[in-house]
Amino acid sequence: MNISAWVRPNIRALKPYSCARDEFEGEAKAFLDANENPYNGPYNRYPDPRQRALKEKIARIKQVPAANILLGNGSDEPIDLVYRVFCEPGVDNVVGIAPSYGMYQVAADVNHVEYRSVPLDKDFGMHADALLAAADAHTKVMWVCSPNNPSGNLMDRDEIGKLLQEFQGMVVVDEAYIDFAAAPSWLNELDRHPNLIVLQTFSKAWGLASVRCGMAFASEEVLEYFNKVKYPYNINLLTQNFVSEQLDHLDRKDAWVKTLLAERARLEEKLSALPCVEKLFPTDANFILTRVHDANATYRYLVQQGIVTRNRNSVLLCEGCLRITVGTPEEDDLLIEALGRL
């Protein structure tokens with residue numbers, strides 16, 4: 001695959017901004033290169049634009065070379081970078097499953113790129129042939145969220161594999177919820193598929209949603225283009241240091257995941273016994289898509305009880321559904337008690 005042929009010509013030719021911390025790496029007796037205030041260290045210094053130390057820690061945990069990691073302001077930054085690197089505004093298009101994470105469409109609209117939605121089947125299954133049929137010579141990217149949001153299920157691995165084999169463009173697999181699934185990550189397939197980009201996040205299993213640090217994993221060639229386009233200091237020092245400290249507590253993250261999976265099973269059992277609940281969809285994430293008698297009325301009722309869920313009633317294939325995040329046992333008991341009074 002000739003990845004560079006899919007990159008926008010102006011991005012291929014782009015000479016990126018070279019910041020002071022790109023031109024010199026390491027320690028020195030005096031830093032007089034970046035017009036920084038010499039006082040108030042270490043916060044007076046610009047952060048490492050490549051986040052090298054943090055990436056090395058992530059690499060050990062994910063078993064992926066640091067050169068295959070890009071860090072962004074949440075996953076939304078690498079989502080935007082995909083469009084900016086590969087899609088010519090007003091010319092190219094992308095294909096994604098529906099329903100799915102809404103930022104793929106929003107980022108497409110912001111970048112003036114056509115977004116072609118391909119509905120999943122009634123069980124929220126994906127069929128590669130349908131996505132391939134929606135593509136044309138100007139299709140540069142396929143978006144696959146797995147486990148998917150809002151349906152919660154993993155997409156069939158063989159179907160994703162077919163996209164990677166047959167589509168002449170980039171395939172992005174968003175694994176924001178992969179820590180809650182039994183299936184393996186696609187990270188192990190990066191060497192086999194040069195057109196694969198995998199997104200992961202610290203927002204879910206790691207409990208760091210407010211910190212805004214997302215991960216993109218791809219070939220060095222793809223990330224070379226991403227690094228040309230991203231803002232030089234996109235991850236500040238406070239975030240780099242804080243995430244690095246959290247990575248020292250992998251056992252805590254694993255314990256949270258184990259606890260949430262057990263609570264997910266309990267919540268499914270309790271919800272299935274309620275008269276107002278019509279259906280629970282299978283989930284591989286930390287939430288449950290739930291069909292209730294009257295989603296709008298139920299949502300408003302729960303808000304009045306001080307309980308906030310996500311109303312997905314207006315989303316394709318999710319008519320009558322609420323998306324319920326697995327909370328603490330105490331939070332989930334409040335939900336069950338409130339729904340039991342309907």
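Begin by selecting Asn311, which stands opposite Leu322 in strand S11. S11 covers residues 321-325 and pairs with strand S10 in the antiparallel sense over two bridges. Strands here are DSSP runs of E with at least two residues, helices are runs of H or I with at least four, and both are numbered from the N terminus; two strands pair if DSSP finds at least two bridges between them.

The model is predicted: local features need pLDDT of at least 70, side-chain atom pairs count only at pLDDT 80 or more, and totals for chains, interfaces and linings use all residues. Residues are numbered from 1 along each chain as its sequence is written, and side-chain values use heavy atoms, without hydrogens and water.

Next, display the whole open sheet, whose four antiparallel strands follow the order S8-S9-S11-S10. Its edge strands, S8 (277-280) and S10 (310-311), each pair on one side only.

Now select the loop between helix H3 (20-23) and helix H4 (52-62), where Pro42 lies. A cis peptide bond, with omega of about 0°, joins Gly41 and Pro42. In this loop between H3 and H4, Asn40 is also found; although not a glycine, Asn40 has a positive phi of about 75°.

Proceed to Phe124, in the loop between strand S3 (114-119) and helix H7 (128-134). Phe124 likewise is not a glycine, and its phi is positive, near 65°.

Finally, select Pro147, in the loop between strand S4 (139-145) and helix H8 (157-166). The peptide bond from Ser146 to Pro147 is cis, with omega near -5°.
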